Amino acid sequence: MNFHVLTLFPEMVLDGLNTSIIGRAVSKNYITLDAVQIRDYTLDKHNKVDDYTYGGGAGMLMQAQPVYDSCEAVQKKIEEAGRKRARVIYVTPGGYTFNQSMALDFSKEEDLIFLCGHYEGIDERVLEEVVTDYVSIGDYVLTGGELPAMVMIDCISRLVPGVLSNSESSVTESFSDGLLEYPQYSRPEEWHGKKVPEILLSGHHANVEKWRLEQSIIKTKKIRPDLYEKYILDHPVEEKKKRRKQKSCNS
Ligand code: ADE
């Protein structure tokens, strides 16, 4: 997977992603990370990339030309390397909300271009020409697209084969099955008077798995009722069990 980030702050993206698991994935060539300075493509003699918004309103807007030229330069590089033109993700609070299934979809691409906005956004005309996906990381507004792009790159990278070792594997984590993760415990067996649940010490694999699923369901129902309702619809057996339990409580 080759990530290309179009940004006014390339060092922020490179510095933020060069440590830990993602840094290791870059050094082992499972992923590549290229941060492109949009300002390098401006034709303005003062290196300006922003201007006032037509129609008035507060704040400046990133202009179409440097965004377009920086994006096309990356696409050209990709094509010259014999790969197909990349999807271009515009990182914006006005996009579809990022989630695990989107991450899985993106992780199948060979190249991804992230376009990070600043100021009040980017001229609509260039967005119409280059962007394939509009993605937000949540219902709040940040000062720029770099942090959201880094969040998405981290999440997508860990789905790329080889990036996680077996012990770091993502298979049983929150969201992989639509549920939040069950509670986990390490040594010692007792800490601050709190004991590790007996069942986890039993060595009975099937019972441990059953307990973990129950805990995941309980936690999801409490913290994310929206995910719980979806899980129940997708797993009618759990719904039956729930109704049976309710019946026996009512009688
Ligand atoms: N840019 C500013 N805020 C953002 C958000 N929540 N998601 C994606 N991009 C953003």
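This briefing describes the ligand site, the domains and the nonpolar core of the structure shown above. The model is predicted, so local features need pLDDT of at least 70 and side-chain atom pairs count only at pLDDT 80 or more, while totals for chains, interfaces and linings use all residues. Residues are numbered from 1 along each chain as its sequence is written, and side-chain values use heavy atoms, with hydrogens and water left out. The chain is divided into domain 1 (2-157) and domain 2 (174-250), with bounds that come from an automatic or database domain assignment. The C-alpha centres of domain 1 and domain 2 lie 38 Å apart.

**Ligand shell**

- The residues around the ligand are Val91, Thr92, Pro93, Val135, Ser136, Ile137, Gly138, Tyr140, Val141, Leu142, Gly144 and Pro148; a residue is counted if one of its heavy atoms lies within 4 Å of the ligand.
- By residue class, the shell holds 8 nonpolar, 4 polar and no charged residues, where Ala, Val, Leu, Ile, Met, Phe, Trp, Tyr, Cys and Pro count as nonpolar, Asp, Glu, Lys and Arg as charged, and the others, Gly among them, as polar.
- Strand S5 (87-97) and strand S7 (133-136) each supply at least two residues of this shell, and S5 gives the most, with 3 residues. Strands (E, at least two residues) and helices (H or I, at least four) are DSSP runs numbered from the N terminus.

**Polar contacts and burial of the ligand**

- A polar backbone atom of Leu142 is 2.9 Å from a nitrogen atom of the ligand. A polar contact is a pair of N or O atoms within 3.5 Å; within protein, one must be able to donate a hydrogen and the other to accept it, and residues adjacent in sequence count only if both atoms are side-chain atoms.
- For Gly138, a backbone N or O atom lies 3.2 Å from a ligand nitrogen atom; for Thr92, the corresponding distance is 3.3 Å.
- The ligand taken alone exposes 260 Å², of which the protein buries 96%; areas come from the Shrake-Rupley method with a 1.4 Å probe.

**Nonpolar core**

- The largest nonpolar core has 28 residues, of which Phe3, Ile31, Phe98, Phe106, Leu112, Phe114 and Ile156 touch the most other members. Such a core is a set of buried Ala, Val, Leu, Ile, Met, Phe, Trp, Tyr and Cys residues joined through side-chain atoms within 4.5 Å.
- Elements giving two or more residues to this core include strand S1 (2-7), helix H2 (20-27) and helix H6 (146-157); H6 gives the most, with 6 residues.

**Thr7**

- Thr7 is found in strand S1 and is buried, with a relative accessible area of 0%; buried means under 20%.
- The Thr7 side chain reaches the backbone nitrogen of Phe9 at 2.7 Å.

Note on methods. Buried means under 20% relative accessible area, exposed over 50%, partly exposed in between (1.4 Å probe, protein chains only).
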